[in-house]
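Please read the following report alongside the sequence and the model, and follow each residue in the viewer as it comes up.

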Amino acid sequence: MARIGIALSGGGARGIAHLGVMKALLEMGVQFDQIAGTSAGAIAGALIANGYSPDESLKLIETSSFMRHLRPAWNRMGLLRIDTIIDLYKKYIPHDSFEGLQIPLHVVAVDLTDGIQVIFEQGELIRPVLASCCLPGIFEPMIINKRQYVDGGVLNNLPSDVIENKVDIMIGSHCNPFGLARPIRSMRSVIERSLILAVQSKTREKFQRCQVLIEPTELMGYSPTDISKSRELFRIGYQHTQQMASQIEKILIQPVSTST
């Protein structure tokens, strides 16, 4: 049996589409041997790796009132503190460890001082997952072992390279399609668009590392802050992957000669 890995990109609320993607893949009989995630992809990956189904994961995100638990960060290193939701996630993943997961998970964050990518894959789980989501300027950096960490997407928004040597077939789920469906008419839109472009410039080369790339173009019509549209985002990921079924199945039944 071919070992299958999936890399899940960051993308804010659009990362909910990953859950729909994985639901469709699971229905095709795909089993994930390794998961790598950045930012929103780290959250989706942690829930699936812990044994929640995609539908259960969607329900947890919808009912957890993620945004309501964020608090202002008065030290001016960010607008919001993300560490206030650690206890919220401990309700869903009480063991709070990489070792307690059913599928190996690898989470990308960036060490702000050294300016390097750091892969978290053992020990404490929830704080590294949230560190991977600390968008610079929006969230205060997450402190882990006296080091400051910010969003992994700054350096690696589709971490296919992190697990490619552990699997035979790499699936990439990318929720930041290149292009723009809506006109830019506000300061928030300017900031969002600029951040996405900066991240995307480093992402194209990661596409070439994936035997299967799933990138729902319909996501262009949604903002990274559209958390209220989680059901639509889930559906888009699911339906787009279903439409790719014959292409995906053709790649998955190839002999395991692609092993690195």
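Predicted model: local features only at pLDDT ≥ 70, side-chain atom pairs only at ≥ 80, totals over all residues.

The side chain of aspartate 168 forms a salt bridge with that of arginine 3, with an N to O distance of 3.2 Å. This pair joins distant parts of the chain, since arginine 3 belongs to the segment before strand S1 (4-8) whereas aspartate 168 belongs to the loop between helix H6 (160-163) and strand S10 (169-173), and 165 residues separate them.

The two residues also meet through the backbone, for the backbone nitrogen of arginine 3 lies 2.7 Å from a polar atom of the aspartate 168 side chain.

## Other salt bridges

Side chains of opposite charge can pair when their charged atoms come close. The count of salt bridges in the model comes to 9, and one of them is formed by lysine 23 and aspartate 55, whose closest N and O atoms are 3.1 Å apart. Lysine 23 lies in helix H1 (residues 17-27) and aspartate 55 in helix H3 (residues 54-63), so this pair ties together parts of the chain that are 32 residues apart in sequence. Aspartate 55 is partly exposed, with a relative accessible area of 33%.

Glutamate 124 and arginine 127 form a further salt bridge, in which the closest N and O atoms are 3.3 Å apart. Both residues count as partly exposed, glutamate 124 at 32% relative accessibility and arginine 127 at 23%. Elsewhere, Asp111, Asp114 and Arg147 are linked in a network of salt bridges.

## Arginine 14, a buried charged residue

Arginine 14 lies in the loop between S1 and H1, and at 5% relative accessibility arginine 14 counts as buried. What lies around this side chain? A polar atom of the arginine 14 side chain is 3.1 Å from the backbone oxygen of tyrosine 222. Once neighbours within four places in sequence are left aside, the residues in contact with arginine 14 are Cys175, Asn176, Ile196, Leu219, Met220, Tyr222, Ser223, Pro224 and Leu233.

## Leucine 101 in its loop

Leucine 101 is placed in the loop between helix H4 (86-92) and strand S5 (105-111), and its relative accessibility of 10% makes leucine 101 count as buried. Leucine 101 and alanine 49 are 52 residues apart in sequence, yet their C-alpha atoms are 5.6 Å apart in space. Apart from neighbours within four places in sequence, leucine 101 is in contact with Ala46, Ala49, Asn50, His95 and Leu125.

## The two faces of helix H10

In helix H10 (residues 245-252), the residues Ala245, Ile248, Ile251 and Leu252 are buried. Viewed down the helix axis, the buried residues of H10 fall within an arc of 135 degrees, so they line one face of the helix. The face turned away from that buried side carries the exposed residues Ser246 and Lys250.

Against which elements do the buried residues of H10 pack? They pack against S1, H1, S10, strand S11 (212-214) and helix H9 (230-243).

Met187, Ile191 and Leu195 make a nonpolar surface patch of about 300 Å². Leucine 195 lies in helix H7 (residues 187-200), and at 35% relative accessibility leucine 195 counts as partly exposed.

## The chain as a whole

The secondary structure of the protein chain comes to 10 helices and 11 strands, and 53% of its 260 residues count as buried. Of the contacts in the chain with a separation of 6 or more, 75% are accounted for by residues 24 or more positions apart. The protein chain exposes about 12100 Å², of which carbon and sulfur atoms supply 53%.

Note on methods. Residues numbered from 1 in each chain as written. Heavy atoms only, no water. Helix = DSSP H or I, 4+ residues; strand = E, 2+ residues; numbered from the N terminus. Buried < 20%, exposed > 50% of the residue type's maximum accessible area, 1.4 Å probe, protein only. Contact = heavy atoms within 4.5 Å. Areas by Shrake-Rupley, 256 points an atom, 1.4 Å probe, with all protein chains shown as cover. Salt bridge = Lys/Arg side-chain N within 4 Å of Asp/Glu carboxyl O. Polar contact = N/O pair within 3.5 Å; in protein donor to acceptor, adjacent residues only side chain to side chain. Arc of directions from axis to C-beta. Patch = residues over 30% accessible without salt bridge, like charges linked within 9 Å, V, L, I, M, F, W, Y side chains within 5 Å.
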